[in-house]
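Welcome! Let's take a friendly walk through this structure, looking at a pocket and then at a ligand.

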Amino acid sequence: MLRDRFDRVRQRIQRACQRSGRDPSCVTLLCVTKGVASDLIRQAVSLGAGHVGENRVPEAMRKRHELGKLSVRWHLIGHLQRNKAAHAVELFDAIHSVDSLALVQALERLAAESPRRIDVFIQINISGEATKTGCRPQEAHTLVEAVAASGHLRLAGLMTMAPFSTDPEGARPVFRHLRRLADELQTSLRLSQRLQLSMGMSQDFEVAIEEGADIVRIGTAIFGQTIPR
Ligand SMILES: *Cc1c(COP(=O)(O)O)cnc(C)c1O
């Protein structure tokens, strides 16, 4: 049942916060709804989901159309091609997958023509896996600086994905690295606001919370197995 799985995830988030001395209200649960049918998304929202994450622009467009007005924030978590950036700016409140200067510039131009303010996370490929998108840690400074200096994008923070592992502990060094990188950027760029960390999925979100995650992106643990893509 959706309700049971959702409650269980929320309890696990609370317990992970207690273990690490964090306030549970400071950790945002982003419900990842890729491959999940619109009526199930509606149910999740009625159970209290306030944030949903999609990884593809066309799928998100279809669902937003099907769902109409829904009091929820929409996040893009999948790779964004520049030719879909205009749709992304219309559809999403936050984009977690910004990983190139060209994309920052394209989003800034589009956002300048829109009344909406988009939250931007720079995605970092910490593990260096070739299959993963995201910029290299060495590029983070340039990209974060560009978003901070842009007039129409809101710098939200950094995002990463840990390599797949059956042991959640395997993700800890990756999450720790992201947090350290955020601390360094905070200092070197003299940022006034704190960079949020978007990290942790079904497999490893408790470890991510222990390592300072502000937003955990959880799909399977809430919705069960979805259509593979
Ligand atoms: C699918 C996905 C998630 C959620 O993964 P689960 O294992 O289903 O919790 C989180 N982040 C990104 C970028 C994803 O593509």
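## The second largest pocket

The second largest pocket has a volume of about 180 Å³. Here a pocket is an open set of points on a 1 Å grid over the protein atoms alone, where a 1.4 Å probe fits, with protein on both sides within 12 Å along at least five of seven lines. The volume is the space filled by probe spheres set on the points, which are joined across faces, edges and corners.

The pocket is lined by 13 residues, and those closest to its centre are Arg-10, Ile-13, Val-27, Thr-28 and Leu-29; a lining residue has an atom within 4 Å of a point. With four residues, α1 gives the most to this lining. Both α1 (2-19) and β1 (28-32) supply at least two residues each; helices (H or I, at least four residues) and strands (E, at least two) are DSSP runs, numbered from the N terminus.

## Around the ligand

Among the residues around the ligand are Val-32, Lys-34, Met-161, Arg-217 and Thr-220, each with a heavy atom within 4 Å of it.

Oxygen atoms of the ligand lie 2.5 Å from a side-chain N or O atom of Thr-220 and 2.7 Å from one of Lys-34. A ligand nitrogen is 2.9 Å from a polar side-chain atom of Arg-217.

## About the model

This is a predicted model, where local features need pLDDT of at least 70 and side-chain atom pairs pLDDT 80 or more, while totals for chains, interfaces and linings use all residues. Residues are numbered from 1 along each chain as its sequence is written, and side-chain values use heavy atoms, leaving out hydrogens and water.

Notes:
Polar contact = N/O pair within 3.5 Å; in protein donor to acceptor, adjacent residues only side chain to side chain.
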